Amino acid sequence: MSNVHPVGERAILAHSWISEKVENLLDAGCDDGNNAFILSKKAGKTWGIDINKKGVESAQWTHPSISFSCSPVEMTPFENEFFDVIVMNDVLEHVLDESVALN
């Protein structure tokens, strides 16, 4: 039995909303990286962040072409306006401060 979770419908929908290939994409709340993998098809470079260390470790193992790190969305290690697209599926209900997370 595989530890890989299927890609969610929201990831497929988000993928369809990215109209053209972008340079830098972030999947915030990436969990096991499967959704980030789908989203990476529309990006030159893809990153994923999540607070779940085990999910990030699994993502790194399963999708080595994507850069994953353990980080809350409210305090990412990235500079402002670094990403062309940020996808946050099923994340806001888990953050401490929605305004900070969205900014």
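Is C70 buried, partly exposed or exposed? C70 is partly exposed, with a relative accessible area of 44%; this class lies between buried, under 20%, and exposed, over 50%, with a 1.4 Å probe and protein chains only.

The model is predicted, so that local features need pLDDT of at least 70 and side-chain atom pairs count only at pLDDT 80 or more, while totals for chains, interfaces and linings use all residues. Residues are numbered from 1 along each chain as its sequence is written, and side-chain values use heavy atoms, without hydrogens and water.

**Cysteines**

The whole structure contains zero disulfides, a disulfide being a pair of cysteine sulfur atoms within 2.5 Å. The closest cysteine sulfur to that of C30 belongs to C70 and is 8.9 Å away, too far for a bond.

| Cysteine | Relative accessibility | Class |
|---|---|---|
| C30 | 2% | buried |
| C70 | 44% | partly exposed |

**Second largest pocket**

The second largest pocket holds about 340 Å³ of space. A pocket is an open set of points on a 1 Å grid over the protein atoms alone, where a 1.4 Å probe fits, with protein on both sides within 12 Å along at least five of seven lines; lining residues have an atom within 4 Å of a point. Its lining has 19 residues, of which T76, N80, I86, A101 and N103 are the closest to the centre. Two or more lining residues come from each of β1 (22-28) and α4 (98-102), and α4 gives the largest share, three residues. Helices (H or I, at least four residues) and strands (E, at least two) are DSSP runs, numbered from the N terminus. By class, the lining has 13 nonpolar, three polar and three charged residues.

Note on methods. Points joined across faces, edges and corners; volume = space filled by probe spheres on them. Nonpolar A, V, L, I, M, F, W, Y, C, P; charged D, E, K, R; others polar.
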